Amino acid sequence: PAPAPAPAPAPAPAARGGHSGANRSQRGGKATANTAGGIYDDGTPVEAKRDPGFVPLKPWQRTPKQILHELCQRHKRPKPRFDRVRLDKKDMRQTDENGEEFEAFCFRVVLPDRKKSHRDLIFCDRRFVGRSVNEAHHLAALLALHGAKEVFGDLPFEQKLPDIYRTRFLEMGVKLTESNQKKQEIAEKKLQIAKKQKIREERDRKMRAVFMSDEARQLVSRVVRDITALRDSRDESVVTNA
């Protein structure tokens, strides 16, 4: 009898991701029936793309956190630290541009100094809150990029940012500029008030230091005594009539 045919080789398991590389989780993709429970065809979990902070990236783009990390590495600084900021109850619930209410998250960014902690750069602004921890991290990183120009230089960071964060970066710059102008105006007003107060005090001091002759001083003393006596007698008459 003829030998039995050899069994056909088992099919290789289908690959989940159509892309590879460190940034594939930020690229676009579609969920398919061939992928295992909630995995996009680019390898990104469905749950990740539900995060408001998730943004698809083009190959040359970077998230705000990635740009901040790369800059710290380039300048040989320790990696940034993100510390959550406690918000007041009235600030915990906010409404987005679509009128939907969300729980707000806010973070402070610390760029540590390699040697001395008092030289750490700290950036925080409670106006810039995110709808998730991830989004709040990115917004805090944008704030740090604006504020750390003295370390990193005034670089065109927006050129590497995806559209949504490029817009937020530019809008944030406008708000920070307006805030700085208001602070400067307030500081100038306080300085003017302090100068006027100093001029008044100096004028009063000079008036008190005016030289008076003995005759003039005695005259002033008599006038003060007469006024005091007149006031006392008036008070006594009021009490008597009462």
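**Figure 1. Helix α2 passes helix α4 in a left-handed crossing.** In such a crossing the near helix is turned anticlockwise from the far one by less than a right angle. The model is predicted: local features need pLDDT of at least 70 and side-chain atom pairs count only at pLDDT 80 or more, while totals for chains, interfaces and linings use all residues. Residues are numbered from 1 along each chain as its sequence is written, and side-chain values use heavy atoms, with hydrogens and water left out. The axes of α2 (residues 64–74) and α4 (residues 133–147) come within 8 Å and cross at roughly 45 degrees. That makes α2 oblique to α4 (under 35 degrees is roughly parallel, over 145 roughly antiparallel, 65 to 115 roughly perpendicular, the rest oblique). Axes are lines fitted to C-alpha atoms, for helices over the stretch in contact, with angles from 0 to 180 degrees between N-to-C directions.

**Figure 2. Residues at the contact of α2 with α4.** From α2, P64, K65, I67, L68 and L71 meet H137, H138, A141, L142, A144 and L145 of α4, contact being heavy atoms within 4.5 Å. By class, eight residues are nonpolar, two polar and one charged.

**Figure 3. The largest nonpolar core.** This core has 29 residues, of which L68, L111 and F152 touch the most other members. A nonpolar core is a set of buried Ala, Val, Leu, Ile, Met, Phe, Trp, Tyr and Cys residues joined through side-chain atoms within 4.5 Å; buried means under 20% relative accessible area, exposed over 50% and partly exposed in between, with a 1.4 Å probe and protein chains only. Two or more residues each come from α2, β4 (107–111), β5 (121–123), α4 and α6 (163–208). The largest share, eight residues, is given by α4.

**Figure 4. Surroundings of L111.** Neighbours within four places in sequence aside, L111 is in contact with L68, C72, R77, P80, D120, L121, F123, A148 and F152.

**Figure 5. G173 in helix α6.** G173 counts as buried, at 14% relative accessibility. The C-alpha atoms of G173 and L142 are separated by 9.4 Å, although these residues are 31 residues apart along the chain.

**Figure 6. K76 in the loop between α2 and β1 (81–84).** Phi of K76 is near 55 degrees, a positive value in a residue other than glycine. K76 is exposed, with a relative accessible area of 63%.

**Figure 7. Helices and strands of the protein chain.** The chain has seven helices and five strands, in the pattern α-α-β-α-β-β-β-β-α-α-α-α along the sequence. These are DSSP runs numbered from the N terminus: helices are H or I of at least four residues, strands E of at least two. Of the 242 residues in the chain, 28% are buried.

Notes. Nonpolar A, V, L, I, M, F, W, Y, C, P; charged D, E, K, R; others polar.
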